[in-house]
Amino acid sequence: MSHPLPPVGRVVATELKPSTPHQFHFWTARDTPIGIGAIVRVEESGRVVYGVVTDGFAYSDLVTPMHAVISADGDPVAAGLEPSQRAEIRLFTAAVLRQTPEEPLQPVPLGAVWLASDADVVLALRMDAYTGGERATGIPVGLYAAGGLESPVYLDCDFLLGPEAAHLNITGVSGLATKTSAVEFLLGSIFQTFPRHKGSVAALCFNVKGPDLCFLDQPAGLTDEDRRQYARLGLRPEPFAEAHYYAPFKADGVNLNTLRTHESLARNTHPLVWGLREVLDYAEVVLNRDDVDAKADAFIDFLAERVVGREYQDDLLRGKPFQVQSFADLEEFFRAIFDFMEVLGKGGEVWKTHHLATIRKIRNRLSNISTRSKGLVTDDGAAHDLPWGAFADRSVHVVDVAGLDPLAQDLVFARIVSKLREHLERRDLGVDHVVVFVDELNKYAPAEGADTYVRKMLLDLSERGRYLGLVLFSAQQFRSQVQRRVVGNAGTALFGRMDMDELSTPAYGMLSPATKIKLATLPKGELMVRHPHFTQPIFVRFPRPPVLGGREGIERFPPAVELPFADAVARQLRGLDRHVSADAVRALIDGRREDDVRRALGVTRRERPDDVLAFFTACLGRRVNGEVVASRRTVPAVRRGDDGYGF
Amino acid sequence: MAPIKLAHLRRALALRGLTPASAVPEASGGRTEEACLRPARLVEDAALAWHPVGTSEPWPGTLAFLDGVQRSELLAYAGAAPIVAGEVAAAVRERSNRNLVTVLEERRLLVIARPAALAAAGALPEPFRTVALPTDEPPHPVRDLANVARALDRARGALELELGERYRRRSEGWLVVDGALTESPLWAADPRMLGVSKSHATLPFEGDDLDRYLRLPPGHRSSLYAPETRSLTPVREWALRLWPWEGKDVFHGLVRIEVAPANGNPEMADRLSRWLLAERAPLSTPDHRWDRLLYGIHSVEAYLRADGRRLA
């Protein structure tokens with residue numbers, strides 16, 4: 001192998017610090033480009049060893065600090081003015097990444113050490129197995145940089161999105177935009193480089209706080225250095241071409257509960273509204289562990305299979321059949337049961353084998369969700385959902401749950417992930433792979449605490465999702481506070497700047513003290529990557545994501561002020577047809593019941609008619625004006641004296 | 001250069017009928033000197049006096065250090081005559097921006113024995129050079145080993161001279177030599193060379209002067225004197241106390257400074273002494289001679305001993 005650059009060091013081995021097949025030590029000049037995380041190559045006698053620097057030491061020939069004090073006469077200033085500098089060593093420890101030949105596996109030879117070139121990085125990280133050829137599966141994750149050299153680092157999509165391994169977990173302290181930026185950059189990289197022969201891919205992101213993911217379709221202002229890094233990685237710095245946003249309404253049912261309410265962004269910002277049917281299928285989510293028992297399950301099953309969405313006839317309850325479509329209908333159904341039981345008196349504690357207490361409990365829980373999640377859960381039964389079955393290749397769908405009650409957030413997670421799973425199982429989602437991004441994983445899959453439905457669902461996703469093409473990208477500030485199996489199943493892990501308290505937990509015991517210090521001081525835009533092909537963690541830097549960040553997005557697209565009911569309806573309709581006049585809408589709904597307007601608006605949104613205003617008007621129905629009841633002619637009272645019976 | 005395996009050499013000598021041996025001769029680690037008094041002539045003051053030299057000052061300009069090392073190992077016996085393999089090395093390390101860098105280095109491998117023993121050993125592999133011991137007396141292993149040590153001393157001294165002259169051809173900077181300048185007339189006359197002797201086997205005074213000489217206070221120098229030398233290379237000397245000696249030993253921190261006669265005046269002696277006092281730091285520990293060993297000289301020795309033993 002030719003070496004255009006001179007070696008930067010030399011392997012040394014002593015009895016106390018020997019070379020082993022997994023680790024070696026080398027010294028360098030005092031002024032060296034080598035640092036923690038640098039990849040180096042050792043070559044000697046036909047054996048080539050690649051390693052990554054994990055620790056560094058410097059010491060002089062000073063035997064004891066006392067000698068330094070004596071030679072400086074106790075004056076620290078004089079200590080720096082010694083005419084000769086002591087002999088010093090820069091000694092580095094490196095962990096072996098790869099050896100060639102791989103067999104027989106031997107201790108690292110005591111040869112010269114070079115900084116790794118582009119080609120060396122490819123070999124060292126075993127990227128040669130998946131970045132070359134016609135069916136390459138490499139996904140750029142960042143640039144490895146050391147000593148003025150810079151090499152792209154690729155993840156293997158077979159190990160990132162399945163089927164070999166899957167899932168990705170990101171850990172990093174909040175406030176440095178590491179987690180969100182990393183996932184935005186990586187999703188963009190996946191969308192641009194995911195090979196066609198592996199099928200189609202889409203992403204579904206849950207925006208759990210602020211405006212973090214609210215502007216994925218808006219371009220960011222990038223520096224020349226960012227653009228250079230994109231070019232080096234072979235990527236185009238473009239925002240997501242096909243992004244769709246979904247957010248529930250606020251309690252008024254017309255203003256969206258998201259920070260993405262700027263009028264110019266309304267085109268692809270859709271309401272997320274579910275009805276009773278959608279909620280009931282995931283009723284388990286809203287039940288706490290104490291609630292979940294066979295009796296409750298049986299009653300929920302009864303409601304789901306026999307009552308909701310069907311015609312239910314029970315002559316004992318009332319003469320006409322129940323048509324339960326909405327929470328209001330359900331409440332009427334419950335009311336009928338309770339009235340019936342009340343009539344039965346003391347003996348009326350069981351209705352169709354379901355105990356009255358169980359019925360009351362289920363009724364309370366379901367009405368609770370409709371109350372706490374007003375805006376997500378509609379009372380009129382008209383749902384606006386994600387485009388199940390019509391997910392487009394390279395599309396990203398953001399569900400904004402940041403403003404939702406935690407219970408409602410759980411419901412959203414559970415239902416959406418379950419629906420993804422169902423559709424992927426049936427292969428009718430529209431894409432072959434879906435990346436689900438969940439931030440604040442320590443909140444949804446905590447290491448300790450009650451075993452919630454969402455945690456079980458995330459665990460199931462992490463353990464079995466890859467077979468379906470359902471991939472979990474998750475992030476949290478403290479990995480140690482997340483359910484171990486959920487993060488453990490992530491084939492790839494990214495680490496941004498970390499808190500030292502977190503780094504001192506046993507989970508990071510395999511990292512050297514120097515690597516921990518580097519992680520604790522990692523600048524913005526740098527990550528440590530663990531990937532199945534890399535035998536050691538690797539540090540990379542990545543350019544700023546090509547999409548507008550949350551804070552900038554809010555400045556450029558300030559959220560619309562919460563509008564009065566009529567104006568909010570007008571804006572919703574203008575989102576469907578920009579020719580709709582606000583005045584016309586105001587005049588149209590003036591004096592109407594808000595529930596009627598919401599219902600008409602929901603139907604209009606769902607149907608997306610050509611003539612929006614006409615359709616909406618039709619849905620509202622004819623205005624019923626109040627009537628003044630005219631006094632009727634009355635039959636005069638019988639005069640007392642006319643009573644033939646003498647009363 | 002790959003180390004030369006002495007075991008292979010011993011095997012080859014055994015095949016030639018010689019008796020392999022491997023004991024390390026005594027006194028192989030350095031020069032051999034005999035204690036003696038050689039009264040010197042004072043060139044400053046009527047009687048030996050102490051002179052405070054003032055506060056230490058950094059050495060201006062380029063400064064280099066020259067030193068050499070030697071080692072030897074017994075190879076075999078040809079009858080009663082020992083055959084010894086030796087290595088001598090010397091180097092000059094120059095200081096630039098506080099960093100000491102080797103600018104000159106030379107190493108030689110020697111086989112030292114009586115001519116007959118060398119003949120019995122046959123052709124020796126490159127790069128060994130042969131050094132013949134004197135034959136004016138019959139072979140005696142102990143005496144021959146002492147002669148080997150002297151031969152190694154000479155070989156090392158010659159190498160140091162060679163490097164000193166080569167350095168002077170490439171630089172006009174000050175060169176500090178470990179030992180005496182009187183090894184060479186050129187050195188003894190060089191106004192930019194300075195010898196620092198740690199050894200006090202040869203003392204320049206006796207009686208009360210010697211008492212005064214040995215009790216020199218720290219930061220002081222003795223009067224200048226002209227030592228009695230065996231060769232015709234006049235130099236000037238003075239003693240300088242680098243570190244306090246009381247409570248330790250009269251030789252603790254005491255060095256003998258040797259300069260060309262051109263520098264043998266009180267002003268120059270004071271100035272050079274101040275510069276040398278600055279060279280006390282950093283300490284040349286862990287060498288046990290740290291109180292007299294300048295770090296620059298220590299650095300040359302450490303370099304020569306660390307950079308490859310040619311005999312293994």
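Start with a term: two strands pair if DSSP finds at least two bridges between them. The strands themselves are DSSP runs (E, at least two residues), as are the helices (H or I, at least four residues), and both are numbered from the N terminus. With that in hand, F26(A) stands opposite F92(A) in strand 5 of chain A.

Some housekeeping. This is a predicted model, in which local features need pLDDT of at least 70 and side-chain atom pairs count only at pLDDT 80 or more, while totals for chains, interfaces and linings use all residues. Residues are numbered from 1 along each chain as its sequence is written, and chains are lettered from A and ligands numbered from 1 in the order in which they are written.

Back to the strands. Strands of a sheet pair through backbone hydrogen bonds, either parallel or antiparallel. Strand 2 of chain A, residues 23–28, runs antiparallel to strand 5 of chain A, residues 88–100, and six bridges join them.

Now the domains of chain A. Their bounds come from an automatic or database domain assignment. Chain A has domain 1 (9–124), domain 2 (151–272 + 384–553), domain 3 (277–372) and domain 4 (563–647). The C-alpha centres of domain 2 of chain A and domain 3 of chain A are 38 Å apart. Two residues are in contact if their C-beta atoms, placed from the backbone, lie within 7 Å. By that rule, 11 residues of domain 2 of chain A touch nine residues of domain 3 of chain A. Which element gives the most to the domain 2 side? Helix 12 of chain A, residues 406–426, does, with seven residues. For classes, Ala, Val, Leu, Ile, Met, Phe, Trp, Tyr, Cys and Pro count as nonpolar, Asp, Glu, Lys and Arg as charged, and the others, Gly among them, as polar. The domain 2 side then has six nonpolar, one polar and four charged residues.

Next, helix pairs in chain A. The axes of helix 10 of chain A (residues 327–344) and helix 11 of chain A (residues 356–372) come within 11 Å and cross at roughly 155 degrees. Angles under 35 degrees count as roughly parallel, over 145 as roughly antiparallel, 65 to 115 as roughly perpendicular and the rest as oblique. Helix 10 of chain A is therefore roughly antiparallel to helix 11 of chain A. Among the residues that meet are F327(A), L330(A) and F334(A) in helix 10 of chain A, and L356(A), I359(A) and L366(A) in helix 11 of chain A. The contact divides into eight nonpolar, two polar and two charged residues.

Helix 21 of chain A (residues 594–607) and helix 22 of chain A (residues 612–620) have axes that come within 9 Å and cross at roughly 135 degrees. That angle makes helix 21 of chain A oblique to helix 22 of chain A.

How does helix 19 of chain A run relative to helix 21 of chain A? The axes of helix 19 of chain A (residues 565–576) and helix 21 of chain A come within 11 Å and cross at roughly 10 degrees. The two are therefore roughly parallel to each other.

Last, chain B. Chain B is divided into domain 1 (1–30 + 68–171) and domain 2 (36–61 + 173–280), and 31 Å separate their C-alpha centres. Seven residues of domain 1 of chain B are in contact with eight residues of domain 2 of chain B. Between the chains, 18 residues of chain B are in contact with 11 residues of chain A. The largest share of the chain B side, four residues, comes from helix 7 of chain B. By class, that side has 10 nonpolar, four polar and four charged residues.

Key
Axes fitted to C-alpha atoms, helices over the stretch in contact; angles between N-to-C directions.
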